[in-house]
Amino acid sequence: MIDKIKGNNNKPPDLRKKGDDNDIMKRVKGLVDKLTGTRKEPSKKPRKRPMPRPRLRVGKKEEKPRLKPPKKPPERKLGLTPPGKPPSRGMRPKIPEEDQRTLVGAIVFGIIIIIIVASGYYFLVYQPYQQTLQAAKDQKIAEVDAYFKGPLATDPQKQAILAEIDSGQTPEEVLAVDVLGPATKSWRRYQTQEINTKKDKFNRVMVVYNVTENGNQSESKRVIMKASDAQKIVNEADATVLANMVIQTPDTVAVPIMISRLQAAGGLIGVGSMVDVYLNVNQTGNNTTVTSQETTPRISGATVLAILRAKDSGSVDASILRSQNISINTMSMEKKTTTDVEQLLRAAAAGGLSEEDIRAILQNYGIRLSDYERAANLGELDTTYLVILEVPRDDVPFLIQNMNSIILTVPTQNAPEWMIRELHKIYG
């Protein structure tokens, strides 16, 4: 205590000095006067006290003097301040506990309402809209795959259309993407190149296409036609037809078939006629016979290379005129011979008759006979025909196995001359 009054905190007092006692007594007396309130005029000028030395604290970091001690932040209560927001300074009224619970409940209820609304929007609006958009994209992609297939599977136009479909934002925008137009242009360009490279030395091509018969699996059909006719089809058809059509080089053979006059288009066909071959199937069951005829030909565009009638299909009267000179007058002698066509042909081949006379008699005999029968509405219906048809090689087994069930028909687009004349007469 005496050290603090004196100001010597670090040095112990020296009891051997007398001057120290006087100073101590003076200081004690002055302290007692202050406590008791007695005031006395100082006899001497007060001595200036030296400032005490600061104490050194070992092991602790020296802190800067602060005017005010830091305030401890108040604890955050649930419902008063949102998370992450520092508490505001200053005075604020304390919220009662019941109001706090009401506020917390309102917040939780609002969050639930927001979740329900967001879920309803997602499941009732957003997700169905996305499904509709994806369905539209799938439909268009399937259309692209249906048109751009085979040799056009890697066409650059296909990739551009797929990119346009994928960038669509609405189903209407996706469905508005044009696929048929670009596909038609690409297929026309490709099929034109195929016609120019696949035609044979007779300037013909073979068109192969698929046909669905009565909802059954599609069958492959072949048609041999002129290159110009094939080019006309390519120029007029769109991608729905051109994508399912293949141009090939004709690989044909000549097949002889023996058929009746009914099967041979009524006997009204000739060399060079273009015919279609249909199959007539008789199905027997339960004591009934059902005739099933197909709606599409098995062979299209077959060419008739030759047609032969049976030898009993007619007879010809051949007259040989001879003249004999008599001294009195001239007497004519006529010799008549009745024979059939086959005998005349044999006689001509043997050289027994004049070839010029035989040619004049038999020129276009079969065609003229058919014309006369057609004009007279009278003909020999039991005649048998040997027809030589030019058909694709792959159709030869079918033609041989079903010789008794096939029917030859004449398309009016490739009709013979007599049919064209009759059509003009009928339709003007």
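**View 1. Overall fold of the predicted model.** Of the 428 residues in the protein, 25% are buried, and this applies to a predicted model rather than to an experimental one. The chain is organised into 13 helices and 11 strands. Among the contacts in the protein with a separation of 6 or more, 69% are made by residues 24 or more positions apart. The protein exposes about 32,300 Å², of which 55% is supplied by carbon and sulfur atoms.

View 2. Helix 6, spanning residues 180-198, contains 19 residues and reaches 26 Å from its first C-alpha to its last, which is close to the 27 Å expected at 1.5 Å a residue. An α-helix has 3.6 residues a turn, so residues three or four places apart point the same way.

**View 3. A nonpolar surface patch that includes Val117.** Val108, Phe109, Ile112, Ile113, Ile116 and Val117 together make a nonpolar surface patch of about 560 Å². Val117 is found in helix 3, which covers residues 97-147. Val117 counts as exposed because its relative accessible area is 53%, and exposed means over 50%.

View 4. Pro156 is itself exposed, with a relative accessible area of 64%. Although 30 residues separate Pro156 and Ser186 in sequence, the two are 9.9 Å apart in space, C-alpha to C-alpha.

Notes: Residues numbered from 1 in each chain as written. Predicted model: local features only at pLDDT ≥ 70, side-chain atom pairs only at ≥ 80, totals over all residues. Heavy atoms only, no water. Helix = DSSP H or I, 4+ residues; strand = E, 2+ residues; numbered from the N terminus. Buried < 20%, exposed > 50% of the residue type's maximum accessible area, 1.4 Å probe, protein only. Contact = heavy atoms within 4.5 Å. Areas by Shrake-Rupley, 256 points an atom, 1.4 Å probe, with all protein chains shown as cover. Expected span 1.5 Å × (residues − 1). Patch = residues over 30% accessible without salt bridge, like charges linked within 9 Å, V, L, I, M, F, W, Y side chains within 5 Å. Salt bridge = Lys/Arg side-chain N within 4 Å of Asp/Glu carboxyl O.
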